[in-house]
Amino acid sequence: MKEYIVSARKYRPMSFDSVVGQSALTTTLKNAVMSGKLAHAYLFCGPRGVGKTTCARIFAKAINCMSPTEDGEACNQCESCQAFNEQRSYNIFELDAASNNSVENIKALMEQTRIPPQVGKYKVFIIDEVHMLSTQAFNAFLKTLEEPPAHVVFILATTEKHKILPTIISRCQIYDFERMTVPNIVNHLKMVAEKEGIGYEEEALNVIAEKADGGMRDALSVFDQAASFCQGNITYNKVIEDLNVLDADNYFNIIDLSLDNKVADIMVLLNNIINKGFDGGHLISGLASHVRNVMMAKDEQTLPLLQVSQRQMEKYKEQAQKCPLNFLYKALKVMNDCDINYRQSGNKRLLVELTLIEIAQITQPEEDGAASGRGPKRLKSLFNNIKKVMSDTAKQVAETRPHVTRHTATAEAKTDSGQHAVETPAPSRPSGMKLAHIGMTFNKLRNKQQEENTTDDDTEVPLNEGLSKKTFDNTQLLREWIGLCNRMPQQMTGIASRMKNITPTIKVFPEVEVVVDNQILLDEITKIKGRIRSTLALRLENADIVLSLRLARPEEVKKILTNRERFDQLKANNEAFSKLTEMLHLELS
């Protein structure tokens with residue numbers, strides 16, 4: 001039985017012209033060979049399977065060739081070329097730095113640099129995966145790399161350039177290898193298939209190329225796997241079955257169903273896809289790429305960006321004619337949000353379902369239809385209608401029952417200056433307000449401020465003349481003051497938190513004095529003084545409250561104590577606490 005050789009080795013390029021997808025780099029290297037202007041060190045970097053080591057070997061053979069061709073290729077006839085092809089060349093050394101990364105390995109390699117080549121012009125040292133060398137090995141290599149013998153050329157190859165010391169990089173010519181494009185990979189696979197006598201469908205090779213993610217070696221490995229599974233005839237259906245790739249027709253179907261707002265059909269299709277073992281996040285990612293391709297297919301200028309077969313391109317163009325651009329933009333935004341939240345989601349399937357439902361409702365008509373969902377705009381409209389109905393009902397109750405005294409009435413005080421609504425309890429209300437009405441004064445202030453975008457309103461809200469004149473003490477006053485701060489609107493959070501540090505006091509009942517320790521805060525509180533007085537009068541049920549503000553005198557400004565100072569002060573003022581801390585050996589952490 002003939003020995004089997006995998007395609008990645010069997011069809012490995014042997015000349016610059018046979019290297020796929022790196023024309024700019026191979027041209028530069030051929031020109032260097034032709035001109036004889038060679039650097040002493042080269043760094044080939046790029047992703048796996050794109051030809052770094054292959055180009056290093058071809059370049060090493062070419063610079064040692066005794067009679068290179070006019071275009072910079074090796075002749076394959078001279079002794080040096082034949083020795084390289086038969087893997088018996090003593091002028092070209094390869095070192096795998098992944099397994100030989102110690103100082104001793106590098107020192108042994110440096111010893112080889114002293115011996116001049118027996119055949120050819122140069123001794124070439126190819127160090128693969130050079131980023132795996134230890135720091136000590138890099139330092140041992142550095143001196144030789146800086147001043148190598150004239151007959152030595154180093155070719156370093158790596159997939160992770162950022163891990164190499166800058167002092168090494170600065171002494172090398174750097175060549176960045178690109179990922180292979182899908183068309184380049186497909187064309188190369190066609191050549192291999194024809195030489196091997198394997199039948200194929202272009203869509204199947206396209207799936208293999210996409211699976212390879214820009215690496216030719218990966219593409220050839222997947223090709224061998226597919227050829228073995230398909231037994232010499234590579235078809236699209238067998239490839240997606242073998243590689244467990246989701247059929248692209250599912251993406252076309254989801255978009256078509258979304259345009260028709262068929263949420264139920266999409267849910268059934270999603271269930272079938274998940275039952276086949278596909279991950280929901282993988283589906284969303286693939287659907288996003290599909291929508292991106294549809295968007296590219298809408299314009300002739302962006303059509304070349306589609307790296308798909310001709311048959312697939314026609315399908316994309318056909319669907320692009322049916323999809324509005326606005327739909328595609330919103331769908332991409334929704335799927336991007338889903339992709340961001342997928343890992344953190346506790347119920348991943350529900351997140352995917354909600355995402356597909358939202359996509360299916362992008363083109364949902366405004367009016368309700370049978371089995372139609374509720375999009376955000378429709379919900380907002382629904383809530384506005386509910387609020388309007390409730391407002392109308394409240395007005396009707398106020399008109400038909402003007403003498404109700406057992407419930408809190410809300411009076412809308414509107415003047416020419418645009419004054420705001422304020423709560424007015426009926427005169428016969430014997431005790432505190434209902435919890436449902438807490439903070440209505442500042443709530444309505446917040447709504448008005450959002451309309452006017454200002455807080456510079458010191459207009460007092462007129463209170464009901466029938467408001468009782470109950471007495472209150474400092475404890476009740478402080479409680480309502482803190483409650484007032486807690487209920488202030490969100491845009492006043494800063495001033496509210498600073499007001500909590502202020503303790504209002506009763507000077508001569510019902511005069512309330514507020515002492516502020518700095519002028520800036522005093523100015524801010526003065527702007528809303530009228531609102532504060534109205535709220536306190538309403539909450540304390542005393543319309544005669546007088547609110548006075550003043551700046552604290554220097555001796556009234558209290559020092560803000562640290563936790564340590566508070567702890568020491570508590571020990572000094574409380575003998576029992578001091579003894580307890582000593583007995584239990586308590587310390588402030």
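Helix α16 (residues 325-341) packs against helix α17 (residues 348-360) at an angle of about 170 degrees, with the two axes 10 Å apart. Here axes are lines fitted to C-alpha atoms, for helices over the stretch in contact, and angles run from 0 to 180 degrees between N-to-C directions. The helices α16 and α17 are therefore roughly antiparallel (angles over 145 degrees count as such, and angles under 35 degrees as roughly parallel). The model is predicted, with local features needing pLDDT of at least 70 and side-chain atom pairs pLDDT 80 or more, while totals for chains, interfaces and linings use all residues. Residues are numbered from 1 along each chain, and side-chain values use heavy atoms, without hydrogens or water.

In the contact (heavy atoms within 4.5 Å), Phe 327, Ala 331, Val 334, Met 335, Cys 338 and Asn 341 of α16 meet Leu 351, Thr 355, Glu 358 and Ile 359 of α17. These residues divide into seven nonpolar, two polar and one charged. Ala, Val, Leu, Ile, Met, Phe, Trp, Tyr, Cys and Pro count as nonpolar, Asp, Glu, Lys and Arg as charged, and the others, Gly among them, as polar.

Another helix pair is worth a look. The axes of α5 (residues 103-112) and α6 (residues 135-146) come within 8 Å and cross at roughly 15 degrees, which makes α5 roughly parallel to α6. Val 103, Ile 106 and Met 110 of α5 touch Gln 136, Ala 137, Ala 140, Phe 141 and Thr 144 of α6. This contact has six nonpolar residues, two polar and no charged.

Helices (H or I, at least four residues) and strands (E, at least two) are DSSP runs, numbered from the N terminus.

Key: Angles under 35 degrees count as roughly parallel, over 145 as roughly antiparallel, 65 to 115 as roughly perpendicular and the rest as oblique.
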